[in-house]
Amino acid sequence: MGSLIPFQDLNVLPDPPTMTTAMLTPKIEPKLEPLDEPLENLQQTPQQQQLQQTTQGSFFSSTTPDNYSNSEHVPQPSGISPSEDNVYSEYFRVSELFRSAFAKRLQSYGDVLDPDSRAIVPVPQDSNALDSINPNSNNQVSKDIVSRRRSHHQRSGELVRVTDLGMEDQRYFRDVVRRTRMIYDSLRVFSMMEDEKRRLVDPGLNRRLRGDLRAASVMRDRGLWLNRDKRIVGSIPGVYIGDLFFFRMELCVVGMHGQAQAGIDYVPASQSSNGEPIATSIIVSGGYEDDEDAGDVIIYTGHGGQDKFSKQCVHQKLEGGNLALERSMHYGIEVRVIRGIKYEGGVTSKVYVYDGLYRIIDCWFDVGKSGFGVYKYKLLRIDGQAEMGSAVMRFALSLRTSPLAARPVGYLSLDISIKKENLPVLLFNDIDADQEPMYYDYLAKTVFPPFAFHQTGNGTGCDCVSGCVDDCFCAMKNGGEFAYDHNGILVRGKPLVFECGPFCRCPPTCRNRVTQKGLRNRLEVFRSRETGWGVRSLELIQAGAFICEYAGVVLTRDQAQILSMNGDTLIYPNRFSSRWAEWGDLSQIFTDYVRPSYPLVPPLDFAMDVSRMRNVACYMSHSTTPNVLVQFVLYDHNNLMFPHLMLFAMENIPPMRELSLDYGVADEWTGKLSICN
């Protein structure tokens with residue numbers, strides 16, 4: 001079973017070999033996951049080429065590391081000051097640290113690794129032995145790996161396992177992944193918006209742009225794909241169990257799974273140090289009829305032998321990814337498992353969730369349900385990991401449908417808003433007897449003083465009847481472009497967003513009416529041992545989606561000074577960190593990118609009292625790496641001094657993950673968060 005003879009990979013060469021007889025043979029397709037859209041032809045349309053020319057005006061500065069090339073042949077970028085706040089340079093530094101940990105030459109004792117060596121697979125030191133494994137090597141280093149510049153930078157075959165990262169390094173890697181995914185989401189939405197504009201100019205365009213493919217292509221050209229200079233075995237630094245991805249290409253961007261369509265990602269024998277293919281990750285989503293998924297235990301079917309209707313039509317072979325899984329079992333190498341789950345109401349019909357590390361404990365050749373031979377692998381989840389994200393999603397679904405059946409004990413209220421919100425806001429505490437949130441009056445929207453409406457001048461709005469268009473009055477108020485796409489996703493943050501209001505003639509379904517519609521996801525206020533009270537969603541929240549308003553009673557400066565003397569809880573909006581500037585920041589893509597500065601908002605000189613009346617947002621915890629941002633919005637009046645505080649997701653937030661805000665820096669006098677007195 002452990003044959004070391006290199007075979008052709010069915011994922012790379014899907015067509016069957018030419019037969020000497022005239023017998024018809026079905027076309028063998030790579031293992032496509034259900035509901036996946038096939039990748040488009042690599043040849044670009046003239047419209048895509050035009051966008052390519054627009055987005056490829058320049059590359060990164062020399063301070064950005066090249067994460068594609070072999071580390072031994074790429075010098076560290078010069079001109080980086082230690083005091084610079086450059087996350088990517090820090091990412092390069094930490095990458096060099098753990099990469100150097102594996103620089104020691106590997107030793108081989110047959111198929112048994114030296115216990116003092118940290119090698120993942122044994123590497124033959126004898127050149128003759130290496131030639132016998134890879135007869136095409138010719139004792140020469142492949143130019144494809146050494147070359148610093150390639151048209152599409154080839155992934156490295158160097159296997160590393162990242163361990164023993166300190167807390168500071170974990171934060172840096174998490175921040176790198178977070179920023180990379182933010183760029184991907186922003187660029188994807190931006191590309192779709194640009195495609196819509198081109199289609200309005202030229203209605204004859206029939207082919208729609210795939211924003212996920214476009215964003216991945218541009219980021220690859222800019223060198224923003226992560227972990228291309230290594231093949232990480234085990235956990236990817238900065239990616240947590242339970243993280244969600246809407247697109248397969250996003251998995252490629254962060255280095256979780258390098259195959260855009262195939263379900264098995266592996267190092268080919270031609271790139272492996274010992275001449276054997278090694279699997280690093282798989283995607284489980286029921287792509288094969290013989291798959292069995294019991295959560296912690298998986299019976300995974302190898303790839304190959306299917307037709308375009310996902311039916312097994314020929315026997316599978318022990319080659320490519322199938323052989324790689326067998327070799328990973330032989331060496332005891334763990335693999336990452338990513339589950340594809342059907343999901344309704346999202347930007348795609350499927351969502352991918354990272355469920356942790358598994359070990360392959362058995363492999364055999366069996367007859368499948370269609371009567372053809374298939375390779376099967378039994379995977380067992382490694383103990384001591386966080387709960388599977390797919391299991392959390394199933395549990396959250398049960399809470400949305402029947403919360404008391406899923407959790408009979410702990411609920412204090414099934415709706416603390418008392419139907420003031422579009423959806424119920426649950427209150428849960430299974431830690432102590434604290435019931436504080438029930439003592440406040442629920443406030444769904446911010447209460448402004450009457451003069452805020454009287455000082456807005458003449459009531460003006462757009463004259464759009466069926467919906468706002470790009471050149472309408474409200475679009476001009478926003479600088480000539482709308483802040484949201486047609487799905488209500490924030491394209492990029494701005495100092496202030498003008499939504500259509502009561503003086504506009506457009507219908508409630510207008511794309512420029514988003515935050516005024518209220519709560520869109522089921523939220524739960526829960527008791528936490530770490531943060532006191534916190535907020536989490538029972539549903540998946542897409543990056544850039546509106547969550548809720550931060551509501552309170554608006555006070556003038558004089559009123560705030562009086563109430564602060566009484567010890568009332570006050571919120572100062574001008575002290576929120578400007579996280580809105582990070583969302584949609586494409587300065588790493590476009591050299592001429594300018595941070596939005598219109599419309600100019602004067603310094604906010606008011607406070608919000610939440611001591612007696614508040615909403616669910618007031619229970620969100622503080623974090624220096626938040627997943628929620630504050631965006632100022634106006635819709636019911638035009639007074640720039642009194643905007644609404646609207647909250648948007650900065651990343652794809654899985655169900656049951658706590659929501660967090662950056663309330664600002666600590667007050668140097670009191671040591672408390674400056675957002676509150």
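Predicted model: local features only at pLDDT ≥ 70, side-chain atom pairs only at ≥ 80, totals over all residues.
Me: What is a salt bridge, and how many salt bridges does a search of the whole structure find?

Reply: A salt bridge is a side-chain nitrogen of Lys or Arg within 4 Å of a carboxyl oxygen of Asp or Glu. The search finds 28 salt bridges in the whole structure. One of them joins the side chains of Arg178 and Asp175, at 3.0 Å from N to O.

Me: Why are Arg178 and Asp175 separated by about one helical turn?

Reply: An α-helix has 3.6 residues a turn, so residues three or four places apart point the same way. Helices (H or I, at least four residues) and strands (E, at least two) are DSSP runs, numbered from the N terminus. Arg178 and Asp175 are about one helical turn apart because they are three residues apart in helix 5 (residues 167–201).

Me: Which salt bridge does Arg178 form with a distant part of the chain?

Reply: The side chain of Arg178 also meets that of Glu582 in a salt bridge (3.1 Å, N to O). This pair links distant parts of the chain, 404 residues apart: Arg178 is in helix 5, and Glu582 is in the loop between strand 21 (570–571) and strand 22 (607–609).

Me: Is Arg178 buried or exposed?

Reply: Buried means under 20% relative accessible area, exposed over 50%, and partly exposed in between (1.4 Å probe, protein chains only). Arg178 is buried, because its relative accessible area is 8%. Asp175 is buried as well.

Me: How does the pair Glu194 and Lys197 read?

Reply: Glu194 forms a salt bridge with Lys197, with the closest N and O atoms 3.7 Å apart. Glu194 counts as partly exposed, at 22% relative accessibility, and Lys197 counts as partly exposed at 32%.

Me: How many residues of helix 8 are buried, and what covers them?

Reply: Helix 8 (residues 321–331) is mostly covered, with nine of its 11 residues buried. Among the buried residues are Leu323, Leu325 and Tyr331. The covering elements include strand 6 (264–267), strand 9 (297–301) and strand 11 (350–367). Just after helix 8, Gly332 takes a positive phi of about 70°.

Definitions and conventions. Residues numbered from 1 in each chain as written. Heavy atoms only, no water. Contact = heavy atoms within 4.5 Å.
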